[in-house]
Amino acid sequence: MSTSLATTSVFLQSADLVEYADRPAGRWGGRDYAGPAPTDRFCPVSDGYVRLRTAVLEAEKWRAAGIDLDDTALRSDPMTEISRVLASCTRESAVAKLTAAGVAAVPARRASEVATDAGLHARHLLGTFTATDGRRFVTNDRLADFARTIVDTYFMAPGLGERSVELLADSGATAEETETLIRSGVVIDGSPVDITYLPPTGETVVAALSRASWVGVH
């Protein structure tokens, strides 16, 4: 069996990628939560945010990668100083510089970017499926891969009572018995869940995923 941190992150954020009846409003996160540690943070750049984590607080190591930090400022308030010099960088250029300085960093991505990521779809972490009315939607695909039981079919969660008639028939109930149970309200004869893709919008950063599966959530 194989799985990954990226897979887990996608599954944990599935509620932000789909829409269904009575769905709560999408979560917008909180920019007041900068990160779990002084140098494990989401850092603003010109086109969004990057997630970085570092124990490297020697300014000369950063300068060698083209990040001109003030040594005193770096030691007294590292993220304020790092944010200052990265503010004009794009996500991609900031990550390139940080990586060159030996700092673990990835672009923080919006829900819309995660939902359409070709790599996540290619690895079957996300899939595009067809709803009962013919509309297409994106949702999670596989949580794990099993070498001896490879499955290419995605099994949709059934709606309330969708399989009632089928299950009763399998248990030996006659059609008349099943109909009586349904008419009396003891059994619900339901329909498939009407679930459709919700195109995530807005500027909120909701996920950071790298090819190495280093994950951050904001």
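## Pairing of β5 and β6

In this predicted model, Thr128 has Val138 of β6 as its bridge partner. The two strands concerned, β5 (residues 126–130) and β6, run antiparallel and are joined by 5 bridges. Strand β6 is largely enclosed by the rest of the structure, because 4 of its 5 residues are buried.

Leu143 lies in the loop between β6 (136–140) and α8 (164–170). With a relative accessible area of 46%, Leu143 is partly exposed, since the buried class requires a value under 20% and the exposed class one over 50%.

Setting aside residues up to four places away in sequence, Leu143 touches Thr3, Thr7 and Phe11. Leu143 and Ala6 are 137 residues apart along the chain, and their C-alpha atoms are separated by 9.9 Å.

## Strands β2, β3 and β4

Strand β3 (residues 48–53) is paired with β2 as well as with β4. Towards β2 (residues 40–45), the arrangement is antiparallel, with 6 bridges, and Asp40 stands opposite Arg53 of β3. A hairpin is formed by β2 and β3, with 2 residues between them.

Towards β4 (residues 104–110), β3 again pairs in the antiparallel sense, here over 5 bridges; Tyr49 stands opposite Ala108 of β4. Strand β3 is mostly covered, 5 of its 6 residues being buried.

## Nonpolar cores

The largest nonpolar core comprises 21 residues, and those with the most contacts inside it are Leu52, Trp62, Leu69, Ile82, Leu86 and Leu98. Two or more residues each are supplied to this core by β2, β3, α2 (59–63), α4 (78–86) and α5 (91–100). Helix α4 gives the most, with 4 residues.

Another core, of 8 residues, lies apart from the largest one; Ala6, Val10, Val114 and Ala115 are among its members. In soluble globular proteins, nonpolar side chains tend to be buried together.

## Confidence of the model

The average pLDDT of the chain is 76, and 75% of the residues score at least 70. Over residues 197–218, pLDDT stays under 50, and the model has 76 contacts beyond four places in sequence for this stretch. Where pLDDT is low, the predicted coordinates should not be read in detail.

Definitions and conventions:
Residues numbered from 1 in each chain as written. Predicted model: local features only at pLDDT ≥ 70, side-chain atom pairs only at ≥ 80, totals over all residues. Heavy atoms only, no water. Buried < 20%, exposed > 50% of the residue type's maximum accessible area, 1.4 Å probe, protein only. Contact = heavy atoms within 4.5 Å. Pairing = 2+ DSSP bridges. pLDDT = per-residue confidence, 0-100. Core = buried A, V, L, I, M, F, W, Y, C linked by side-chain atoms within 4.5 Å.
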